Amino acid sequence: MGSRFSHGIWKGLKLPVSLVVLLLVAGLSHAADQPQGAATAPTAPLVGSESSPEFLAQGRELARLHCQGCHLQPEPDQLDKVTWYEQTLPRMSIRLGFMPQSIDRHPEADLLKASGRFATTPYIPVSDWKAITNYYVSSAPEKPLPQARSQPIRVGLKSFRVEPAAAAESGGPETTLVRIDSKNRRLFVGDARRRTLELRGLDGSLRQTQTIGNVPVGLSFGSSMGLLASIGSFMPSDRPLADVRRWDGTLGSLATAAPILTNLPRVTQAILEDLNGDGREDLIVSAFGNVMGRFSWHQNLGGGKYAEHVLLDRPGAICAQVLDFNQDGRPDIGVLVAQETESFFIFLNRGAGQFSMQVGFQRSPLFGHTSFDVADLDGDGHPDLVVTNGDNGEYASPIKRYHGIRVYMGRPDLTFRESFFYPLNGAFKAFVRDFDQDGHPEIAAISYFPDCSQSPEEGFVCLENRGNFRFVAATFKESLAGRWLTLDCGDLDGDGDEDLVLGSHIHGPSPVPDPLKANWERDRIPFMILRNTTVDRKGP
């Protein structure tokens, strides 16, 4: 996965059907910006020899007609010619119902067939598909367009002291969860390989380890209990192995209590909120899945029983936050959804457990959204969003110029307008906070898919705010010590300023230079604390 391509594309080149089948069947096993389906490309050439302006115009119009039925139409310059030709277009042909028998080669064929999401006959004529592929491949650039970062990333953080954790006992770290419990001044760390959850002190020292038998990815704290969300499979899968467990704040309760929700498709987050005003905390679950997935709220019926209400029957829900977006006194839900949807949705609470959906923004299916945070950045009373997009592990794909950190300003009609973009390859998670307490919020972000060959320092950046959306990017020299998959923000030591914890998962997809990989395996740093020194500098 993630290997680069240097050769070009040729007019009239025919891709052998056997190769297409292998590409497509293999592609079904990856988490893609575009979800995979059940069939391979037609026996006609993927790319024809016609390159006249008329034929390309026909392909552009057919793309507008067919593609926008499921998602926004991507632009040809979002990928290079070879990636369109060898990766993205073959996977798209799966969704169009060509050669459905190819699904039999997939290890989860039984689930995919039972889902009912795969066509058994083509959606469009082969001639239309030929014109569409000609349009994209002929119009795409030979090489990926570069990112337009205007200034280098400065080394040195003014507000943080770096505190690496002790090396993991054995094997490379596969940290999938870091969570600061500010109230009790402690830290939780989850690991995919060992399938454990660790309790650590405010200095990062290990206090307790509990095997949970699943891959922990989310930990939330409510008024009456906590929730642990486990994804089931770190790598893409449609096996319903995820679960959600109730816990009382001690690791022992996780070992003895049965999950309250099971057989879920790859849960990435579960949070607590009383949505219907009955005095009981309900569950909001982002079941990202792969080909299958959904976003739901689970009504608390009392006595440990829950009733699921599906709000969005699509894969790709990453994370949600509860906020009164329309200021009517009821808790609404904002959720970021990736896969082909690549949108931010607001579910407005209409009372009595009823919700209506509002589209905040939508982007190209190639975008690869990964996280969002909420703040009122301009003080107008409307929530604004800081959003990252940088998922680049779905299949062999070069870096993308549109990966990075975006600020979307909220409008009274609950839509969002992009007002700031910072290019960051593989951007994966960000928090917006006033870390240095100067009245101007900063943005701290990690990248799981940095350009390790050209700019490995972008694994972590802090965008220091100079006012009026003028930011200076800074990192720390030890940022190369891990591959940062997860990030949390909170006052870990109780001194009144916000600290950061970065979690390293070193065995992910996409290529990494051998020396860097060897260093990660040798040092085995599972997480790193960035201790905020702002209050210390100010003094009493």
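Helices (H or I, at least four residues) and strands (E, at least two) are DSSP runs, numbered from the N terminus. The close-ups below come from a predicted model, in which local features need pLDDT of at least 70 and side-chain atom pairs count only at pLDDT 80 or more, while totals for chains, interfaces and linings use all residues. Residues are numbered from 1 along each chain as its sequence is written, and side-chain values use heavy atoms, with hydrogens and water left out.

**Figure 1. Phe-469 sits in the loop between strand S25 (460-465) and strand S26 (471-475).** Although Phe-469 is not a glycine, its phi is positive, at about 60°.

**Figure 2. Arg-185 belongs to the loop between strand S3 (175-181) and strand S4 (186-191).** Here too is a residue that is not a glycine but has a positive phi, of about 55°. Arg-185 is partly exposed, with a relative accessible area of 41%.

**Figure 3. Helix H3 (81-95) has a kink of about 40° at Thr-88.** The kink lies shortly before the proline Pro-90; the bend at a residue is the angle between axes fitted to the seven residues ending there and the seven starting there. At the start of H3, a side-chain oxygen of Asp-80 comes to within 3.2 Å of the backbone nitrogen of Val-82. Have a look past the helix as well: H3 is followed by Gly-97, with a positive phi near 85°. Of the 15 residues of H3, 13 are buried, so the helix is largely enclosed by the rest of the structure.

**Figure 4. Helix H5 (residues 126-139) packs through its buried residues against helix H2 (53-67) and H3.** Among these buried residues are Trp-129, Ile-132, Tyr-135, Tyr-136 and Val-137.

Figure 5. Of its 22 lining residues, the closest to the centre are Cys-70, His-71, Met-92, Arg-95 and Tyr-123. H2, H3 and H5 each supply at least two residues of the lining, and H3 gives the most, with three. On a 1 Å grid over the protein atoms alone, a pocket is an open set of points where a 1.4 Å probe fits, with protein on both sides within 12 Å along at least five of seven lines; lining residues have an atom within 4 Å of a point.

Notes: The expected span of a helix is 1.5 Å times one less than its number of residues. Buried means under 20% relative accessible area, exposed over 50%, partly exposed in between (1.4 Å probe, protein chains only). Contact means heavy atoms within 4.5 Å. A polar contact is a pair of N or O atoms within 3.5 Å; within protein, one must be able to donate a hydrogen and the other to accept it, and residues adjacent in sequence count only if both atoms are side-chain atoms.
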